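Here is a short tour of a two-chain model, written for someone who likes cut-offs spelled out. Have the viewer open as you read.

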Amino acid sequence: MKDKVSFKDKMKAFKEKITPKFVKDYYQKKEDEIAAVDLINLSKPVNDVATSGPKKMKDFSLWPGWKSALVGVAGVIFVIIIWWIYAAVCEAAGKTSFLSSPIAVCEAFYNQAIASSNLWTHLWYSLQRIIVGYLIALVAAIPVGFLMAWYKPVRAFLDPFIQFLRCVPPIAYVPVVVALFGTNESSKYFIIFLAVFLTMAVTIYQGVKNVDLTLVKAAYTFGARDRNLFMGVVVPSAFPFILTAMRLGVGAAMTTLVASELTGTAYGLGAFINSQGGQLAMDNCIMGILVLGIFGIVFDKGLLAFEKRVTRWK
Amino acid sequence: MENKGKVVIKIDNVKKIYPVENGDDVIALNGVNLEIRENEFICVVGPSGCGKTTLLNIIGGLEQPTEGQATIHGRPILGPGPDRGIIFQQYALFPWLTVKKNVMYATKFIKHEVPLMEKNPETGEMEQVYTTNENGEKVPAMKKVKYTKAEREAIARKYIDMVQLSAFANKYPKELSGGMKQRVAIARGYALNSEVLLLDEPFGALDAQTRSQLQEDLLRTWEKERKTCFFITHDVDECVLLASRVIIMSARPGQVKEVIDIDLPYPRSQATKLDPKFQEYRNHIWDVVYKMYVSSGSINNK
């Protein structure tokens with residue numbers, strides 16, 4: 001005990017010694033300023049609430065859903081109009097490869113999706129890759145997330161890898177993945193898997209970490225054993241987080257799809273966007289991007305509806 | 001008290017020390033001795049930091065004493081168990097279960113005894129099996145089984161009725177007010193049918209009106225079943241109103257300061273607070289607790 005105190009004193013003296021004079025002066029000056037304030041003769045705050053209360057922010061809490069939807073649609077139309085005008089300006093300047101008009105994009109969609117089945121072939125390849133990579137990631141992330149939260153050594157072991165990989169965009173390790181896996185499907189699965197797995201494992205880990213310990217204690221007092229605790233308390237508690245992880249995972253899968261299809265393939269939505277862009281076929285390129293985005297929204301909304309259904313208790 | 005029941009829980013010179021890095025260790029409990037008897041309603045009061053909750057956790061088996069020992073019927077308490085139900089201040093309801101399912105959870109793991117039946121090979125009918133006890137007498141053999149789902153539902157319904165929440169049986173906890181949640185927690189605690197019920201400031205987070213209501217509810221049920229209760233509170237009125245015996249604890253280090261038998265007849269109600277004897281008990285306990293606050297520095301600021 002005494003050793004600790006003397007060490008503390010030493011540290012204090014050392015700190016005192018290394019603090020520059022101007023820092024000490026600064027603190028002294030502040031002290032003096034505070035001491036000089038005369039609280040007794042300080043005038044009272046002016047009461048003018050009646051005349052100039054702070055203006056409240058507009059309250060949108062009672063806004064109906066259809067109004068929000070209307071604003072959303074109006075926003076989309078507004079952006080399309082701007083796009084249209086800019087595309088017309090480009091065309092007038094003779095730069096058709098610069099930006100295609102919305103009409104041209106619709107035509108491209110007709111050509112690729114209705115007149116021929118090109119687009120669906122690409123979409124089917126991409127969908128396969130997303131589903132395989134996503135499902136492997138889901139199956140792996142659930143136990144890893146739980147183990148990381150439950151056993152500190154597991155977390156200590158995996159944490160450096162997860163933190164490292166989170167900082168590297170998937171597109172950066174495309175060459176390495178090609179070198180390791182070749183240009184077959186497994187390289188695409190792997191890139192999507194990695195991105196989805198990282199997102200999901202971290203979210204599930206957070207969820208299990210957040211389990212209310214009082215609930216665990218309560219379950220123990222009712223005679224629950226460790227194995228009952230896992231299925232009866234930990235999994236349901238973390239369930240909303242698993243669903244959130246699944247949604248974030250879809251986002252990660254969609255955003256890494258294009259990167260995964262840079263590993264040498266002629267098929268897939270990402271490959272399509274890339275090759276069309278390379279040929280300056282902007283109408284097809286923009287159409288591909290739109291289809292990819294809409295595809296993602298549909299996926300996400302589906303999962304959101306599922307989430308709302310199964311977590312009514314939240 | 002004349003007719004003292006048999007001792008259920010015995011706290012024997014229990015000491016609990018929390019080690020603190022770079023500082024003095026916190027002595028939460030310093031040699032506490034206590035006996036909890038059958039059908040007693042014990043209330044523990046004391047200033048914050050007197051180790052009330054630590055003591056409850058030790059009885060509940062959620063914490064282990066540093067020194068000394070807590071026993072139930074002479075067996076040392078090594079962990080939490082269904083013989084000691086706990087009602088927490090934070091309700092601890094499972095948010096993903098409805099009220100009914102929450103109360104049913106209490107009977108999920110416990111077992112009860114039923115007569116052991118066997119098929120008679122001659123008649124083909126089920127018959128009671130007999131065995132001999134330690135005195136050599138022939139007694140019906142029993143076996144331990146879990147409750148069936150129907151039994152668990154019936155138990156849950158009984159206690160949900162008791163706390164007057166039948167209309168809310170299929171609601172989720174988020175749809176209930178704080179007072180209703182605590183009533184569900186009480187129903188769940190009763191459904192466990194433990195020998196001892198430990199209550200850790202169960203009404204601490206509720207408004208005054210709801211609290212009075214729940215105090216009355218608790219009194220009604222206790223007067224009916226006389227289940228041994230160990231109730232922690234910092235509310236002096238509450239402890240006198242409910243308890244058959246009050247334990248005043250002092251802070252830093254946590255010790256039993258005074259034990260007072262509350263000699264007010266049951267049934268009690270909020271009207272009991274007007275009894276001059278109630279006032280006497282209340283003033284006395286206030287005095288002791290307040291003096292401790294001052295001397296412990298909680299008010300005087302060191």
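## A core residue and its surroundings

A:Val233 touches A:Val211, A:Leu215, A:Val216, A:Ala219 and A:Asn228, along with B:Phe94, B:Trp96 and B:Tyr105, when residues up to four places away in sequence are not counted. Contact here means heavy atoms within 4.5 Å. This is a predicted model, in which local features need pLDDT of at least 70 and side-chain atom pairs count only at pLDDT 80 or more, while totals for chains, interfaces and linings use all residues. Residues are numbered from 1 along each chain as its sequence is written, chains are lettered from A and ligands numbered from 1 in the order in which they are written, and side-chain values use heavy atoms, with hydrogens and water left out.

A:Val233 also belongs to the largest nonpolar core, which has 154 residues; A:Val233, B:Phe230 and B:Ile285 touch the most other members. Helix H10 (residues 226-260) of chain A gives this core its largest share, 14 residues. A nonpolar core is a set of buried Ala, Val, Leu, Ile, Met, Phe, Trp, Tyr and Cys residues joined through side-chain atoms within 4.5 Å. Helices (H or I, at least four residues) and strands (E, at least two) are DSSP runs, numbered from the N terminus.

## Where the chains meet

Chain B brings 24 residues to the contact and chain A brings 21 residues. Between them the chains bury about 2,100 Å², 71% of it on carbon and sulfur atoms. Buried area is the accessible area (1.4 Å probe) that two parts lose on being put together, summed over both. On the chain B side, B:Trp96, B:Tyr105 and B:Phe109 lose the most area to chain A, together 30% of what that side buries.

How many salt bridges are there between chain B and chain A? The count is 0, where a salt bridge is a side-chain nitrogen of Lys or Arg within 4 Å of a carboxyl oxygen of Asp or Glu. By class, the side of chain B that touches chain A has 16 nonpolar, 4 polar and 4 charged residues. Ala, Val, Leu, Ile, Met, Phe, Trp, Tyr, Cys and Pro count as nonpolar, Asp, Glu, Lys and Arg as charged, and the others, Gly among them, as polar.

## Salt bridges within the chains

Over all chains, the whole structure has 17 salt bridges. One of them joins the side chains of A:Arg129 and A:Glu185 (2.9 Å, N to O). A:Arg129 lies in helix H5 (residues 118-150) of chain A and A:Glu185 in helix H8 (residues 185-209) of chain A, 56 residues apart. A:Arg129 is buried at 0% relative accessibility, whereas A:Glu185 is partly exposed at 25%. Buried means under 20% relative accessible area, exposed over 50%, and partly exposed in between (1.4 Å probe, protein chains only). A:Glu261 joins A:Arg129 and A:Glu185 in a network of salt bridges.

In chain B, B:Lys52 pairs with B:Glu201, their closest N and O atoms being 3.8 Å apart. B:Lys52 sits in helix H1 of chain B, and B:Glu201 in the loop between strand S13 (196-200) and helix H5 (208-225) of chain B, 149 residues apart. B:Lys52 is buried at 6%, and B:Glu201 is buried at 13%.

## A buried threonine

A:Thr311 is found in the segment after helix H12 (282-310) of chain A. A:Thr311 is buried, with a relative accessible area of 9%. Beyond its neighbours within four places in sequence, A:Thr311 is in contact with A:Phe239, A:Pro240 and A:Leu243.
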